[in-house]
Amino acid sequence: MPMHRVASLADLRQDRGLQVEVGEKKIVLVRDGEAVRAYQGECPHAGAPLADGAVCNGHLICPWHKAEFAVHDGHLCEPPALNALTRYATQVIGDQIHVDDQPVQIEPEIHADDDRCFVIIGAGAAGTAAACALREKGFNGQLLLIDREEKPGYDRTALSKFVLAADMRPDETPPLREDSFYDDNHIERIQGEVMKLDVINKRVTLADGRRVAYDAALIATGGEPRALPLIGADLPQVLTLRCRDDAKKILAVAEPGRHALIVGDSFIGLEAASALRKHGVKVTVIARHEVPFVKQLGERIGKAIRALHEKNGVLFRTHVEVSRFEGDVDKGKKRLDVAVLSNGERMPVDLALIGIGVAPATQFIDGVELEEDGSLLVDAGMQAGKGLWAAGDIATFPVNDAPQRIEHWRLAQQQARVAASNMLGGDVHYCDVPYFWTYHFGKRLDCLGHAQDWDDIVYLGEPETFSFLALICKQGVVESVVGCDREREVALLAERMKQPLFRDEALMLIKQLSQ
């Protein structure tokens with residue numbers, strides 16, 4: 001077994017990994033009690049250097065998107081990664097760490113035959129994560145993944161961040177799984193629109209008349225962008241952003257020098273504003289709030305984000321709404337020309353991008369009562385009814401004993417893995433920490449936790465410089481965290497905040513991590 005001396009024990013800390021190289025391979029070393037473990041050095045999700053993350057509670061946490069892996073054996077604990085880590089054998093001789101240059105070979109498990117049929121409706125973040133988790137956890141029955149899009153699920157978060165900036169073509173958005181994965185794992189992809197889910201009789205009916213009986217079903221259809229019920233909203237250049245085709249339509253209109261009107265100051269709306277400005281498009285935002293994201297991030301951070309947008313040429317219009325859109329016919333085709341505002345102003349625009357939130361895509365469900373907003377109420381195990389689970393934007397679930405519906409990409413994947421465990425007879429409850437990230441003019445903000453209200457915000461660094469960490473607290477307990485350029489600290493807190501974390505302990509942990 002060819003072993004290579006790569007580091008000494010004194011080089012290795014308890015709270016983070018250490019990157020080493022064996023030939024051309026990047027490998028991360030981590031402490032596991034008195035032992036040393038070695039894994040692939042880059043996160044299988046997006047290639048982040050795992051040594052830049054943190055180790056906490058026996059987990060190695062990715063710095064970029066907060067995927068978590070077990071220090072002991074590298075198995076996947078938290079998405080957005082969908083794979084375990086490749087492991088390398090280690091040996092400690094004296095105080096020197098040696099690593100094998102070939103990965104440990106894992107014998108595939110043999111699972112008993114299973115005559116059940118599980119159906120997943122929706123193949124986005126939650127649906128794909130659930131399909132992966134079911135096979136990972138040993139489900140050996142028939143697994144159907146129903147998707148209305150022709151190609152397998154992909155990373156939709158790239159659309160507003162990078163595709164609209166022309167940094168990435170729509171078809172280059174990273175797939176969640178390569179096509180071969182579905183064949184290799186006997187996951188049957190069915191392209192079609194579900195017209196009815198009969199919960200009582202456990203049957204799915206597709207638009208083309210096909211029917212599928214199931215033993216357990218997971219609904220992961222996400223949300224549909226809300227439209228504006230206005231005159232002219234049907235013009236071809238009044239658009240929303242949900243999928244690759246939407247992005248293609250936006251880019252076909254949003255040529256450099258043209259004027260885009262963004263209706264709504266949501267995260268999607270302002271990410272799109274940032275991307276389109278980078279693409280050379282003039283951008284005006286019709287904002288519902290003087291300061292964006294106050295409810296989620298607090299006033300000071302919201303002001304800093306608005307100032308960043310204004311510095312980069314985004315115009316904000318508040319205390320005004322769009323009343324209607326007007327267009328003309330150019331070469332036989334309808335074309336948007338003007339947005340008429342509630343104050344009577346006529347604003348020439350080439351594109352209107354509507355970003356006012358999403359509505360749960362649940363209209364096909366029969367046999368379960370929906371919430372007022374159209375979502376499905378689930379318990380902490382993500383179960384909505386007999387043989388029925390839900391995950392993602394359509395699920396209202398308990399957070400700190402209060403029902404919430406949270407539209408986060410990673411959260412949808414976390415919920416999907418919980419649902420997958422319980423579809424197989426487990427009793428797993430959601431006890432994770434919501435997380436998302438947002439991207440504006442090259443500044444990435446990590447947002448961790450879910451604070452409904454707070455009485456104190458502790459700032460480490462200055463939000464205005466976009467190098468800071470903010471602890472949003474209530475009665476001395478950290479409810480949420482916002483960070484920019486502080487990825488390691490947020491990675492640590494992503495795991496530590498699964499239990500109540502007091503402000504003073506958080507500050508101590510952060511100080512120790514920076515030493």
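**Figure 1. V253 in helix α4 of the predicted model.** Helix α4 comprises residues 244–253, and V253 lies in this helix. The model shown in this and the following views is a predicted one. V253 has a relative accessible area of 11% and is therefore buried, since a residue counts as buried under 20%. Setting aside residues up to four places away in sequence, V253 touches Q237, R258, D350 and L351. For one of these contacts the separation is given as well: V253 and Q237 are 16 residues apart in sequence, and their C-alpha atoms lie 7.2 Å apart in space.

**Figure 2. T128 in helix α1.** Helix α1 covers residues 125–136 and contains T128. The relative accessible area of T128 is 1%, so T128 is buried. Beyond the residues up to four places away in sequence, the contacts of T128 are L82, A123, G153, L176, R177 and Y182.

**Figure 3. The second largest pocket and its lining.** The space in the second largest pocket amounts to about 1,000 Å³. Two elements, α1 and α3 (179–184), each give two or more residues to the lining of this pocket. Of these, α1 gives the most, with three residues. In total, 29 residues line the second largest pocket, and A84, I106, P108, R135 and E136 are those nearest its centre. Sorted by class, the lining holds 10 nonpolar, 10 polar and nine charged residues.

**Figure 4. An open sheet of four strands.** The strands follow the order β16-β15-β14-β28, and their pairing is mixed. Because β16 (211–213) and β28 (365–366) stand at the edges with a single partner strand each, one side of each is left without a neighbour in the sheet. Strands of a sheet are held in pairs through backbone hydrogen bonds, in either a parallel or an antiparallel sense. Strand β14, residues 194–198, pairs with β28 in the parallel sense over two bridges. Within this pair, L197 has I365 of β28 as its bridge partner.

**Figure 5. The hairpin of β36 and β37.** Strand β36 (residues 456–462) and strand β37 (residues 467–474) run antiparallel and are joined by seven bridges. Y459 has A470 in β37 as its bridge partner. Four residues lie between the two strands of this hairpin, and in the turn F466 has a positive phi of about 55°.

**Figure 6. Helix α7 and the glycine that follows.** Helix α7 consists of 13 residues, 299–311, which at 1.5 Å a residue should span 18 Å; the end C-alpha atoms are 18 Å apart, so the two values agree. The buried residues of α7 are I301, G302, A304, I305, R306, L308 and H309. An α-helix has 3.6 residues a turn, so residues three or four places apart point the same way. After α7 comes G313, with a positive phi near 95°.

**Figure 7. Helix α8, a mostly covered helix.** In helix α8 (residues 409–423), 14 of the 15 residues are buried, and the helix is thus mostly covered. At 1.5 Å a residue its 15 residues should span 21 Å, which agrees with the 21 Å between the end C-alpha atoms. G425 follows α8 and has a positive phi, near 100°.

**Figure 8. The cis peptide bond between P79 and P80.** P79 and P80 are joined by a cis peptide bond with an omega of about 20°. P80 belongs to the loop between β8 (76–78) and β9 (87–93).

Figure 9. H186 is not a glycine, although its phi is positive at about 55°. This residue is found in the loop between α3 and β13 (187–191). H186 has a relative accessible area of 64%, so H186 is exposed. F293 is likewise not a glycine, and its phi is positive at about 65°. The loop that holds F293 lies between β21 (282–286) and α6 (294–297). F293 is buried, because its relative accessible area is 5%.

Terms used
Residues numbered from 1 in each chain as written. Predicted model: local features only at pLDDT ≥ 70, side-chain atom pairs only at ≥ 80, totals over all residues. Heavy atoms only, no water. Pairing = 2+ DSSP bridges. Buried < 20%, exposed > 50% of the residue type's maximum accessible area, 1.4 Å probe, protein only. Contact = heavy atoms within 4.5 Å. Expected span 1.5 Å × (residues − 1). 1 Å grid on protein atoms, 1.4 Å probe; cavity = no way out; pocket = protein on both sides within 12 Å on 5 of 7 lines; lining within 4 Å. Points joined across faces, edges and corners; volume = space filled by probe spheres on them. Nonpolar A, V, L, I, M, F, W, Y, C, P; charged D, E, K, R; others polar.
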